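Take a look at the structure below. Keep it in view while you read.

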Amino acid sequence: MAQLWGGRFTKETDQLVYNFNASIEFDKKFYRQDMEGSIAHVKMLGKQGILTEQESREIVTAIREILKEVEAGTLEISHEYEDIHSFVEAALIERLGDTGKKLHTGRSRNDQVALDMRLFTRQEVLETDELLNELLNVILTIMENNVDTYMPGFTHLQKAQPVTLAHHLGAYFEMFKRDRQRMEDIYRRMNYCPLGSGALAGTTYDLDRYDTARQMGFTGPTLNSMDGVSDRDYLIEFLSALSTIMMHLSRFSEEVIIWNSNEYQFVEIDDAYSTGSSIMPQKKNPDIAELVRGKTGRVYGTLISLLTTMKGIPLAYNKDMQEDKELTFDAMDTVKGCLALFTGMLSTMKFCREQMEASAKHGFTNATDAADYLVNHGVPFRDAHGIVGKLVLYCIEKQAAIDDLSLKELKEISPVFEEDIFEAVSMETCVKKRLTIGAPGQEAMKEVIALEREYLSHDWKQTLEDWETELLK
């Protein structure tokens with residue numbers, strides 16, 4: 001059992017206790033971040049004269065060799081080590097002897113693991129943001145191609161008023177845009193370096209924490225060493241944001257599932273994103289959408305788990321915090337997988353325009369416009385509401401849309417109706433009249449689409465990269 005401690009103890013740890021305590025199985029996932037943090041730390045120690053320049057160079061060179069070997073598969077991160085830090089230090093000592101033992105100077109595993117998790121999460125934020133960006137581009141392309149694709153808008157899952165597919169998907173664009181904005185917000189707030197906090201009270205060595213922060217692209221060092229080793233707010237924020245992403249994906253998936261049903265037939269999911277039945281040959285199931293919907297609870301569970309873990313922990317570091325990793329890694333992978341698969345499904349999906357428009361017509365989504373027509377011809381709104389209610393009842397009995405009735409039939413319900421009623425309640429007119437920004441009217445939608453395209457043309461990560469390049473000069 002390879003451990004970084006033991007001088008205080010007179011007997012070996014029980015194997016079951018060791019296994020329960022060890023974190024190597026899951027924290028080996030951030031081996032790269034651990035070694036990058038060690039390189040920055042050792043460079044700073046050399047600059048500060050805490051290590052000699054030669055010692056610093058030797059350790060940095062050896063760590064880079066270890067990293068290459070791990071990534072090439074020629075060096076295995078073995079379970080005989082308690083955690084990733086033990087593995088790296090043992091490999092270093094094996095190569096450099098006593099010089100390798102100086103790696104941990106001025107550092108604790110507490111600030112080391114805090115750094116590793118922050119570096120790893122920071123990268124996950126960037127990767128999640130990129131997947132969101134890809135999804136937004138797919139949604140916007142569909143919007144651009146469907147400004148005139150009419151469909152029913154719903155409340156209470158009842159057909160309510162006519163909208164367009166562009167307008168309906170635009171609502172999801174706004175949701176996922178807010179998700180991206182949360183990624184930027186989380187990144188900027190978490191981008192402070194805990195390395196140098198020590199176990200909880202800093203260190204007596206003359207560390208340059210600004211230097212290590214700068215080397216790793218952080219805005220600066222954390223300003224309280226106790227908070228530096230015990231802060232998991234950034235992780236809770238990220239899991240909350242991931243849960244919100246999954247909620248949005250789940251809502252969208254639910255609609256895809258409904259639209260894919262035989263009753264709606266609004267969409268046809270590509271064969272690559274569907275499966276069949278082992279017994280019913282006619283079935284084509286929306287499995288990806290259903291799995292995304294199902295995995296949402298899995299991500300929620302991780303957020304609740306970490307919140308529950310953190311709620312009773314006194315300052316500063318406690319072993320409970322080791323529970324921040326295993327489920328979190330699963331949640332990160334789950335969300336990225338769901339985003340990638342959903343984007344692929346959506347980009348290959350066919351929308352059945354005629355079926356959508358027919359559904360809007362026969363769902364009486366133009367009933368409000370028929371009432372507005374009467375109001376504009378002098379009928380009080382309450383009376384107009386009652387007249388159109390009778391009109392809808394008549395249509396249901398006849399199994400017809402309002403548009404399908406003759407003028408004679410309409411006049412029997414209200415003599416106010418004239419020939420221009422047909423234009424007034426057409427899907428095109430109903431949508432076009434709604435011209436305020438944010439409404440489904442074509443001109444309003446084109447304005448919104450232009451604004452969304454402009455939003456996607458400016459990537460916050462590029463601004464960040466420019467800043468980091470300037471910082472590292």
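This is a predicted model: local features need pLDDT of at least 70, side-chain atom pairs count only at pLDDT 80 or more; totals for chains, interfaces and linings use all residues.

## The nonpolar cores

The largest nonpolar core holds 96 residues. Within this core, Ile139, Leu249, Leu346 and Phe351 have the most contacts. Helix 10, residues 233-260, supplies the largest share of the core, with 14 residues.

There is also a second, separate core. This second core has 21 residues. Among them are Ala371, Tyr373, Leu374 and Leu405.

## Around Leu249

Which residues does Leu249 touch, leaving aside its neighbours within four places in sequence? The contacts are Leu135, Phe176, Val292, Cys338, Leu339 and Phe342.

## Helix 10 against helix 12

Two packed helices are described by the angle between their axes and the distance between the axes. Helix 10 and helix 12 (residues 326-348) pack at about 30 degrees. Their axes lie 10 Å apart. The crossing of helix 10 past helix 12 is left-handed.

From helix 10 they include Leu242, Ile245, Met246, Leu249 and Ser253. From helix 12 they include Thr328, Val335, Cys338, Leu339 and Leu346. By class, the contact has 17 nonpolar residues, two polar ones and no charged ones.

Strand 1 spans residues 150-155, and strand 2 spans residues 158-164. The two strands run antiparallel and are joined by six bridges. Tyr150 has Thr164 in strand 2 as its bridge partner.

Strand 1 and strand 2 form a hairpin, with two residues between them. His156 sits in the turn and has a positive phi of about 55 degrees.

Methods: Residues are numbered from 1 along each chain as its sequence is written. Side-chain values use heavy atoms; hydrogens and water are left out. A nonpolar core is a set of buried Ala, Val, Leu, Ile, Met, Phe, Trp, Tyr and Cys residues joined through side-chain atoms within 4.5 Å. Buried means under 20% relative accessible area, exposed over 50%, partly exposed in between (1.4 Å probe, protein chains only). Helices (H or I, at least four residues) and strands (E, at least two) are DSSP runs, numbered from the N terminus. Contact means heavy atoms within 4.5 Å. Two strands pair if DSSP finds at least two bridges between them. Axes are lines fitted to C-alpha atoms, for helices over the stretch in contact, and angles run from 0 to 180 degrees between N-to-C directions. A crossing is left-handed if the near helix is turned anticlockwise from the far one by less than a right angle, and right-handed if clockwise. Ala, Val, Leu, Ile, Met, Phe, Trp, Tyr, Cys and Pro count as nonpolar, Asp, Glu, Lys and Arg as charged, and the others, Gly among them, as polar.
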